[in-house]
Amino acid sequence: MTPENKKSPLIEHIPATDMRIQEEIYGHRFGAKQEPFMIVLETLAIYSSMLSCPAQEDSQQKRSYSLYQRRKMRFLLFHDPHLEHVIKDNHIADSQKWRVWKNRINQQFLATSHNHTRDDEKDAFAYLDEKFSSDISALHQAIRILRSYELDRSHNRSKSHRFLAVQGPHTIYADDDGRQTKQGREYFRRGGEIVYLMLHQSSSKEKLNEKIRQRFFNPNTPINKIAEALSEDDSADAKSEREIGFLPDRSLPFEAYDRMAEDWLHLLNCDTLPDDYLFEPLFRITGLNLVAYFAEAAQETIAKYDKPPALPIVVDLTEGRNKHLRQAAENSLF
Amino acid sequence: MKWTEKVVEQLKQLWADDLSTAEIGRRLNMTKNAVVGKAHRLGLSSRPSPIQKTTEAKPLTPTTPQKTTISEKTQAIQHNTMTKSNPLIPFLASYGPTSSSNTMYDECVIKAAKDYGCTPLDIEIPLIDDIVTMLQKPSPKSVILTGTAGDGKTYTVRKIVEKLSNNNNTLTNEKTYHFPHSLPSSRRPLYIIKDLSELDNKDKKRIFSELCNALTQHDDDVPVFIICANDGCLLQFFKDYAPLYDKIINLISNNQDNKEEPQTCFWLINMARQPRQNILDQVIDKIVEHPQWDKCPPICPAYTNNKSEKRCPILCNRDILQQKGDNSMRARLRDIVCLAELSEEHLPIRQIIIGIINILLGDHKPNSSLLTCKKAQNRTDKNEYSLTNPYANAFGDNLPQREQKRYKIFTILNDFQIGFESNNFFEYALLWGNEKLPDCFYYGSRIFEKSRQQYLRDPTTEHAEYFLHDMIVQRRRLFFSLAPNNENCHANPWQLSRFKYGAEYLDLFNELFKSNTRTTQKKSDKFKSIARQVLCGLNRVMTQTMTATNSELWITTSSSVYRGNPTPLLIQRAQQRADSQSVLSFTSLNNTLKTPVIHVTQKDHSIDLVLKPFLFECLLRIAHGALPASFLSNIHQDIEKFQRQVTAITQKNFDHIPPKEVQLSSSGELQERAITILEEEVDF
């Protein structure tokens, strides 16, 4: 299907794929129905991994990234009913509440086998003792505040798949929490990987890295400090690994990479916009950029033009029937 | 029937008898037209029409001016004492909502003034004297008058011409008017272009270089120009000449007054931004106290005193407009114009005049918009006062929908939804009667009683429809007849409109208007009470609790978590004391008509929240119990923007202080609670 000079070395590195259509056209697979904000969340997750330990710049080798699972923090935030019960229970003396709660939560947590990090671990939440000085109301306050920073709360997702607003390195974690045996791809469906790859191969890569680190991964934000207090040390935490490849060397879509990077940089450079306001405009502009990239890649694959005409973006149709939309799309491509 | 010999003979006979063709037709069993045709073909002598013979010549009334020539019109005017009409009425009607009132308004009314022998309305604009004085100085500047349609540009230049020439000359209709004399001190010629958009390309080519010269060179020989144009037209005209273009854009967007600037050769005046405190009162007074009201002929049957059963509706409406005081129509109209200005809906003078004339002369009969003397007599006769109701005319109800939408005054008044809001007190009072509420002799129970009784007896759908319509009219009447600050708080007329807290807003505005930045006057108790309500509403929105805290502003982190609902964390409290770290204040307006603004100042930075009427209304409703989520997202966006900006500078200035959790005490006051885990870290 592809002419010889466009053969991408990527294909050898993706093991045992039956269908390689998306990889051929767009350079990477993307999951349909991944919501735009999930795409950028995934991208930021990849950045959190890459910025902390940069991989080698070998274009031939496949690359991978790993994300912390932060199971214990997530358990505290989304799975634990005992804290509320213990706090409200008047029969338990205040000085005993911490101990009682610890017992209950450990029972539930350690009951599931995959939660064991070490076989001899009796108290999975021992790290909280020192951090909170065994003060249960302080712990409750911290959990209450951090829990309210959940993204897209109204959707009421399953407890294992809730995400927090990215306000520091401790607020981002893997898509799965180790419960499933195979790697979770519930929400991180590779859309973020494409965005990361595009940004990483753009010409403003260095500036972008710096800005993302400054705006999204500042460890001193109050929310990050709370998250850090609630999670165990990174050294003790488990990680999930993923592999991503790289986008092929192409002439046309390089514009697309630089375009996306430019948009990101412009937004990140907006100093009047506080850090927590960046997420929404970022994912919206990313969505638009992805659509343009897919269309251009499709155009190139059809290879009808030596220099394809610029793609119009239809903003409004006076007669909104699908037939007209398809007609307009066909006319522009052919 | 056929024209037989016999029938023709009969026709000739009847024709000679001088019977009408209709009668002949009836007798011969023919149509009138057949008779006429046959007579013509027969060549019978034509006879004068019987209609002309029997009635006398109709009097020429000044109410149909367009069908007669000028001399006949002046004749008619001289006859007005014989006829039952006052020429003032059609003259005033020319100021009203007619099709010609959009373009060439000033020219139109001057012509009407001449035709009806009335003096034109003379609104005082202090600017006119300023310009005339400037023109009479040794080095006068050219003047550019800009603004929207209806702001008084043509009127101003006309007055300037009259003043400069001591009323010997007046502005003509030429595109470029050359003032007959040179200016007194400087001896320079004066040219007036009364509408720049009237100049076509040829004219423009002719005068462009001379005009640019006059506006850019400090030369004693160049003529002085006075130009009237709206902003867009002005910029379009000079778009090819960069220095002027840039200068003009600068002046317009910064709203500066460049009268005293020595380096510019022209004075740009934006008529839309001129201070006009008493414009509504002036307009009303000039109309209702026009000297020619005494020309109402005594023989007019409707010219009775104001307690009689049958009085001319125009005079009734004039009585209503003449009332002053806090419970008058004039007062509420003044309030509405003020609120519109503060919502940044500028009302040009023309629109105000149109509105007042419509109140005075509006007529709700189909195919009729304004009253004439004859129509007024008719309405009086048939007791049809519901058709001339000024309280409905104020909203343009007498005009067809299409016409109504063309005039900004009606759009703005309708926006207030007066008559469509109410409360239990008013509904009960209107349904069952209440002596404490004011009644109007002509427009109150007189036009309301019938449908009310009908409805009470039999509330079927049909009666209900009429009744509901009449209720709206009565609510509108009450809005214009009650004072806001009476003993019964439920009888506040603003409750009948969308702006239930309209009175509070105007009180706040008036207090700030009078206050001066230089003098620190003590604020009145009323002001403090209103300020507390505003703060309460803001706190409720910003902390997402139904708090009662109203003495300080709690600055909290605003949330921008995508579709999330993070708990607001307190960053700082802004107080109204000058020594606090964040100072909360209301700006003094120093007698300028500007929207009130709340400031939060920290060190050198200051963030503003513009309190437009709509935002104020929402905040006060929230302070009195409405939920913030029940309002439009624009309001949230305005407050969120303010919150975000304040949070940003606070965090920058005080970033070593960790945020606090916000809690509500049992009495409803906000309390801060330290976030233990963050405080502990700081202690390290």
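Biologist: Which residues in α7(B) meet which ones in α9(B)?

Modeller: This is a predicted model, and in it D106(B), E107(B) and I110(B) in α7(B) meet T154(B), Y155(B) and R158(B) in α9(B). That contact divides into two nonpolar, one polar and three charged residues.

Biologist: OK, and at what angle do α7 and α9 of chain B pack?

Modeller: About 55°, with the axes 8 Å apart. Angles from 65 to 115 degrees would count as roughly perpendicular and those under 35 as roughly parallel, so α7(B) and α9(B) are oblique to each other.

Biologist: Switching to chain A: how do α9 and α13 pack?

Modeller: Helix α9 (residues 191-200) and helix α13 (residues 279-302) of chain A pack at about 80°, their axes 12 Å apart. They are therefore roughly perpendicular to each other.

Biologist: Which residues make the contact there?

Modeller: From α9(A) you have I194(A), V195(A) and M198(A), and from α13(A) there are T286(A), L290(A), Y293(A) and F294(A). Six of the contact residues are nonpolar, one is polar and none is charged.

Biologist: New topic: how many salt bridges over all chains?

Modeller: A search of the whole structure gives 52. In one salt bridge, the side chains of E661(B) and R144(A) meet at 2.4 Å, N to O.

Biologist: Where do E661(B) and R144(A) sit?

Modeller: The pair crosses between chains: E661(B) is in strand β11 (residues 660-664) of chain B, and R144(A) is in helix α8 (residues 136-147) of chain A.

Biologist: Last one: which residues make the nonpolar surface patch?

Modeller: Y428(B), W432(B) and L456(B) make a patch of about 350 Å². W432(B) belongs to helix α21 (residues 424-432) of chain B.

Notes. Residues numbered from 1 in each chain as written. Chains lettered and ligands numbered in written order. Predicted model: local features only at pLDDT ≥ 70, side-chain atom pairs only at ≥ 80, totals over all residues. Heavy atoms only, no water. Patch = residues over 30% accessible without salt bridge, like charges linked within 9 Å, V, L, I, M, F, W, Y side chains within 5 Å. Areas by Shrake-Rupley, 256 points an atom, 1.4 Å probe, with all protein chains shown as cover. Salt bridge = Lys/Arg side-chain N within 4 Å of Asp/Glu carboxyl O. Helix = DSSP H or I, 4+ residues; strand = E, 2+ residues; numbered from the N terminus. Axes fitted to C-alpha atoms, helices over the stretch in contact; angles between N-to-C directions. Parallel < 35°, antiparallel > 145°, perpendicular 65-115°, else oblique. Contact = heavy atoms within 4.5 Å. Nonpolar A, V, L, I, M, F, W, Y, C, P; charged D, E, K, R; others polar.
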